[in-house]
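Me: I have a model open and I'd like to learn how to read it feature by feature. Could you walk me through it?

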Amino acid sequence: MSKFGSLAVVCVDNPGAFLGTEEAREERALDLADLATVERALAELGYVNVPEELLESDYEGPSALEHFAARPTWWTRFFGSM
């Protein structure tokens, strides 16, 4: 769940363990019926599911995250660092 309210991401295993849901499905680590159940539950609770693949792209907006050696990603922008 995002620190900004209604955003959520569904990750198989740890975030970044797979390059997204398609790779996880191909590796048989993700069942599409289970994913649909989770996405439906999130939607019913008012959350928007953001694909993990999109969150890995660079965030180029204003940021107070200067302590990062590399440019922050959308993940760090909306979910923080781990």
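Me: What should helix α2 span, and how far apart are its end C-alpha atoms?

Reply: The expected span of a helix is 1.5 Å times one less than its number of residues. Helix α2 has 13 residues (32-44), so it should span 18 Å, and its end C-alpha atoms are 18 Å apart, which agrees. Helices here are DSSP runs of H or I with at least four residues, strands are E runs of at least two, and both are numbered from the N terminus. Keep in mind that this is a predicted model: local features need pLDDT of at least 70, side-chain atom pairs count only at pLDDT 80 or more, and totals for chains, interfaces and linings use all residues. Residues are numbered from 1 along each chain as its sequence is written, and side-chain values use heavy atoms, with hydrogens and water left out.

Me: How many helices and strands does the protein chain have, and what pattern do they follow?

Reply: You'll find 4 helices and 2 strands, and reading along the sequence gives β-α-α-β-α-α.

Me: How many aromatic pairs turn up in the whole structure?

Reply: Rings of Phe, Tyr and Trp (its six-membered ring) pair if their centres lie within 6.5 Å; planes under 30 degrees apart are stacked, over 60 edge-to-face, and the rest tilted. A search of the whole structure gives 2 such pairs. Tyr59 and Trp74 make an edge-to-face one, at 4.7 Å centre to centre with 80° between the planes. Tyr59 sits in the loop between α3 (52-55) and α4 (74-79) while Trp74 is in helix α4, so this pair ties together parts 15 residues apart in sequence. Trp74 and Phe78 are stacked, because their ring centres are 5.5 Å apart and their planes at 15°.

Me: Where do Trp74 and Phe78 lie?

Reply: Residues three or four places apart in an α-helix point the same way, because there are 3.6 residues a turn. Trp74 and Phe78 both belong to helix α4, 4 residues apart, about one turn. Ring pairs join Tyr59, Trp74 and Phe78 into a cluster.

Me: Which charged end sits over the ring of Phe78?

Reply: The test is NZ of Lys or CZ of Arg within 6 Å of the ring centre and within 35 degrees of the ring normal. Arg77 is your residue, 5.4 Å from the centre of the Phe78 ring.

Me: Are Tyr59 and Trp75 buried or exposed?

Reply: Buried means under 20% relative accessible area, exposed over 50%, and partly exposed in between (1.4 Å probe, protein chains only). Tyr59 is buried at 7%, and so is Trp75 at 10%, whereas Trp74 is partly exposed at 32%.

Me: Which residues does Thr73 touch?

Reply: Contact means heavy atoms within 4.5 Å. Not counting residues up to four places away in sequence, Thr73 touches Leu55, Glu56, Ser57, Asp58 and Tyr59.
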